[in-house]
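Subject: Structure for your review

Hello,

My notes on what was found follow below it.

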Amino acid sequence: MSALPFTFPNWTRSIRFRLTLLYSSVLFGLAALLVGALYLGLSLSLRDEPVTRQEQTLFVPGRGFTRQEVINARELERRINERTLDNLRNFSLGALPVLFLA
């Protein structure tokens, strides 16, 4: 017995279906580019100039910060920035399939 070749249903051959598929693909691609650009922009802006860069402005009334406290502040800031980027990436990648289905 010979196997019949797989054929798509007739409704997939219509111009409406093909145009819908084309427009959806273009919209999805543009959305993916936008999400990637936002992630890259935020990543670069967080990496460029840390808030704790100016050590002389870090003080508490009555006493200055020690060097160890400044280093801890930098580490805390680095971890916050990493977590922010991770959350942005996860939410964005989760939103893309929803956009594709919509």
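Trp 11 is exposed, at a relative accessible area of 56%; exposed stands for over 50%, buried for under 20% and partly exposed for what lies in between, with a 1.4 Å probe and protein chains only. Trp 11 forms an aromatic pair with Phe 17, edge-to-face, with 5.2 Å from centre to centre and 90° between the planes. The rule takes rings of Phe, Tyr and Trp (its six-membered ring) with centres within 6.5 Å, and calls planes under 30 degrees apart stacked, over 60 edge-to-face and the rest tilted. By this rule there is one aromatic pair. Phe 17 has 30% relative accessibility and counts as partly exposed.

Please note that this is a predicted model: local features need pLDDT of at least 70, side-chain atom pairs count only at pLDDT 80 or more, and totals for chains, interfaces and linings use all residues. Residues are numbered from 1 along each chain as its sequence is written, and side-chain values use heavy atoms, with hydrogens and water left out.

Overall make-up

The protein chain has two helices and two strands, in the order α-β-β-α from the N terminus on. Both kinds of element are DSSP runs numbered from the N terminus: helices are H or I with at least four residues, strands are E with at least two. Of the 102 residues in the protein chain, 10% are buried. The chain exposes about 8,800 Å², of which carbon and sulfur atoms supply 67%; accessible areas come from the Shrake-Rupley method with a 1.4 Å probe, and for residues only the protein chains shown count as cover. Taking contacts between residues at least 6 apart in sequence, 59% join residues at least 24 apart, where a contact means heavy atoms within 4.5 Å.

Before and along helix α1

Thr 12 sits in the segment before α1. What does Thr 12 touch, not counting residues up to four places away in sequence? The residues touched are Phe 17 and Arg 18. Thr 12 is buried, with a relative accessible area of 14%. A polar atom of the Thr 12 side chain lies 2.6 Å from the backbone oxygen of Pro 9. A polar contact here is a pair of N or O atoms within 3.5 Å; within protein, one must be able to donate a hydrogen and the other to accept it, and residues adjacent in sequence count only if both atoms are side-chain atoms.

Helix α1 covers residues 15–48, and Leu 22 has its place there. Leu 22 is partly exposed at 45% relative accessibility. A nonpolar patch on the surface is formed by Ile 15, Leu 19, Leu 22, Tyr 23, Val 26, Leu 30 and Leu 33, with about 710 Å² of accessible area together. Patches take residues with over 30% relative accessible area and no salt bridge; like charges are joined within 9 Å, and nonpolar side chains (Val, Leu, Ile, Met, Phe, Trp, Tyr) within 5 Å.

Helix α2

How many salt bridges does a search of the whole structure find? The search finds two, a salt bridge being a side-chain nitrogen of Lys or Arg within 4 Å of a carboxyl oxygen of Asp or Glu. Side chains of opposite charge can pair when their charged atoms come close.

- Arg 78 and Glu 82 form a salt bridge at 2.4 Å, N to O. They are four residues apart in helix α2 (residues 67–101), so about one helical turn separates Arg 78 from Glu 82. Arg 78 is partly exposed at 38% relative accessible area, and Glu 82 is partly exposed at 40% relative accessibility.
- Asp 86 and Arg 89 form a salt bridge at 3.1 Å, N to O. Both lie in helix α2, three residues apart, about one turn of the helix. Asp 86 is partly exposed at 32% relative accessibility, and Arg 89 is partly exposed at 32% relative accessibility.

Glu 82 and Arg 47 are 35 residues apart in sequence and 9.8 Å apart in space, C-alpha to C-alpha. Leu 101, also in helix α2, is 77 residues from Ser 24 in sequence and 9.1 Å from Ser 24 in space, C-alpha to C-alpha. Leu 101 is exposed, with a relative accessible area of 74%.

Regards
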